[in-house]
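Here's a quick look at one protein model, going from a single residue out to the whole chain. Have the viewer open as you read.

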Amino acid sequence: MLLLKMTRTCFVMTALFLFLSVYSASLWPLLPSKQLAQQHHLLNASYTKMVHTNKRFWEMLCQKVRVYSQAVMYSGKHNHNDPVECCLGKIKDASQLRQAFKLLDADFFNDSKILEMAKGAKELNIPIYRANRKLVARENGGLHDPSVLVFNPEWTGEEAQGAPKRFSCPTLSGIQKPERDEDIAFMNVLELGHLIQTKQITSQELTRIFLHRLKKYNHVLESVVSVTEELAYDQAKRADELLGQGIYLGPLHGIPYGLKDIIAVPGYKTTWGSETFKDQVLNMEAWVYKRLKSAGAVLVGKLVTGSLAYDSIWFGGRTRNPWNIEEFITGSSAGPAACTSAAGSITYPAARCGVTALRPTFGTVGRTGVMSISESLDKLGPFCRTAADCAFILDVIRGKDPDDLSSKDITLHDPFSVDITKLTVGYLEDAEMEVVQVLQLMGVNVVQFKLNYTVDSVQGILNLMMDVDMLAHFDEWQRSGQDDVYEAQDKWPPELRRARIVPAVDYLQAQRARGKLIQEVRGNFTVDAFIGNATDWERVCMGNLVGMPVIVVPTGFKSISDPPPANSRRRTTITTGIYAPPQHDHIALALAMAYQSVTDHHKQRPPIDDLGPDDSIPSHSELCTHQDNSVFKGFQDAVELEILEL
């Protein structure tokens with residue numbers, strides 16, 4: 001109807017214009033010369049204005065005709081079973097699409113271009129989308145078909161020549177087996193390895209101790225998904241047999257450990273912490289599991305991850321802090337952190353539980369067989385008693401994974417051979433000054449420091465990239481409506497719905513902004529390492545985007561908030577982070593080992609069995625409202641996947 005009215009208006013204006021032109025021309029001979037000149041000037045101005053007005057009306061009419069013809073084309077025959085065609089078939093003008101374009105921050109196109117884009121999307125883009133999803137997105141978790149766009153965090157251009165040189169292993173002497181199992185459980189890797197190597201204890205005996213602790217604390221901590229008891233005793237027996245043959249595989253020979261439950265182990269569930277995948281068994285060996293098995297380590301449990309590696313809520317409950325059992329742990333690696341302390345996501349859960357943990361340089365450790373959130377952010381790293389334990393584990397699991405394009409043989413110097421007196425270490429305003437003072441007394445050159453960069457959207461860059469990458473790995477999960485039963489409806493579901501409408505152009509702009517951040521951080525990283533808060537969210541995001549390593553070390557304790565009336569031994573742990581440039585993990589490790597060599601914060605034990613005379617452990621029913629009888633809790637050294645500390 002509107003189109004018809006516009007057509008009539010254009011014809012009437014054109015006819016009126018022609019009539020006035022003829023009429024005015026017929027009057028000109030009858031006018032005096034002076035008046036004729038004045039009239040001629042006025043008519044010229046009116047004529048010009050009429051021409052422009054008439055032209056605009058005709059242009060508007062032509063545009064409407066084009067838009068209408070495209071809308072008519074869409075509303076013609078289409079496949080009623082195809083939601084895309086049905087949707088486009090109902091579009092009569094571009095205003096319906098313009099609202100969607102506003103969500104993409106792209107509503108600057110005119111109506112004709114919008115409908116042209118819709119036609120191209122239907123005929124060209126969507127068939128490609130569907131073909132690609134059919135090829136690579138049928139399975140969730142990003143376990144197969146990784147992106148060929150690979151992030152490289154290196155600054156120096158230094159490449160390893162051949163196989164990486166292994167770290168030297170310090171030797172101990174005079175270590176005697178404690179009488180109590182409790183004391184054995186809190187020994188570090190080097191001490192336990194000495195007991196095994198000197199045959200003061202067998203791996204099978206050690207495995208029994210830790211399996212017992214896993215089961216003992218099942219009513220306190222929600223930290224283990226599966227106890228791998230049969231596998232553990234088989235691996236422990238094999239370790240003892242090798243030692244009997246005179247074969248010692250290194251510091252992890254016969255040592256029990258746990259894996260975060262996003263790491264695949266054949267024959268056992270890999271649940272990703274999610275109700276949707278709680279019965280999932282992946283018959284593949286994760287690369288990191290292969291490396292630990294080849295080093296003689298003994299897997300005793302699959303440790304809790306927050307559902308789909310987000311925070312601490314999982315299908316069996318929510319993991320608790322062994323230092324304050326009424327407090328939940330923050331971060332997806334809640335299980336590894338709780339287990340290491342008692343018996344996010346590295347920095348947040350490590351800080352909450354007061355354990356030592358290393359987030360290594362991106363690409364140091366292969367990720368085959370591990371659930372993926374973001375292929376340019378995911379990192380594997382250890383939770384341990386000590387920084388030296390972290391070094392032993394890193395040395396075993398690092399190196400090129402043939403099925404992980406981002407992994408490589410990174411050149412790392414031996415952290416046990418670093419001369420810390422030749423290092424200049426900065427400290428930020430929020431650094432724990434005890435660490436600064438201790439290192440200064442040990443000969444380290446410490447200076448005030450601030451890491452400057454101008455990129456002010458660091459958190460936004462990481463969130464946008466992470467959400468889009470995660471959705472690519474869980475596309476089918478969202479499309480099939482499985483997000484409706486996700487454990488925490490305010491976490492992944494709304495984030496991944498927003499990710500669905502992130503334009504590819506703006507995703508790449510975020511990657512470019514990340515590149516700018518990396519260049520600025522590199523240019524301003526003027527020290528060998530720096531000390532600062534490990535849980536500052538801006539710094540967490542920056543470190544992940546840059547790919548830099550950080551080690552979290554416990555530095556003390558403070559009173560819990562809202563404590564019982566008196567005499568409670570529950571505490572809040574204090575930690576700090578030691579940051580180094582990419583591929584300089586050995587610097588952070590060396591500084592942390594030096595600090596721990598003269599302090600004992602990392603040796604303290606959480607008060608699970610003895611909260612104090614006026615405090616008590618809540619009952620099982622109070623703690624565990626959702627408990628699976630097959631799930632047991634508690635543990636020692638743990639290797640896990642660090643995605644982002646959330």
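Is threonine 555 buried or exposed? Threonine 555 is buried, at a relative accessible area of 7% (buried means under 20%, exposed over 50%, partly exposed in between, with a 1.4 Å probe and protein chains only). Bear in mind that this is a predicted model, where local features need pLDDT of at least 70, side-chain atom pairs count only at pLDDT 80 or more, and totals for chains, interfaces and linings use all residues. Residues are numbered from 1 along each chain as its sequence is written, and side-chain values use heavy atoms, with hydrogens and water left out.

Threonine 555 sits in strand E13, residues 550-559 (strands are DSSP E runs of at least two residues, helices H or I runs of at least four, numbered from the N terminus). Setting aside neighbours within four places in sequence, its contacts (heavy atoms within 4.5 Å) include Glu432, Ile574, Tyr595 and His601.

Now for a helix pair:

| Helix | Residues | Residues in the contact |
|---|---|---|
| H13 | 387-397 | Ala387, Ala388, Cys390, Ala391, Leu394 |
| H20 | 585-597 | Asp585, Leu589, Ala592, Met593, Gln596 |

The axes of H13 and H20 come within 8 Å and cross at roughly 150° (axes are lines fitted to C-alpha atoms over the stretch in contact, with angles from 0 to 180 degrees between N-to-C directions). So H13 runs roughly antiparallel to H20, a label for angles over 145 degrees.

Zooming out, the protein has 21 helices and 15 strands, and 52% of its 646 residues count as buried.

How values were computed
Angles under 35 degrees count as roughly parallel, over 145 as roughly antiparallel, 65 to 115 as roughly perpendicular and the rest as oblique.
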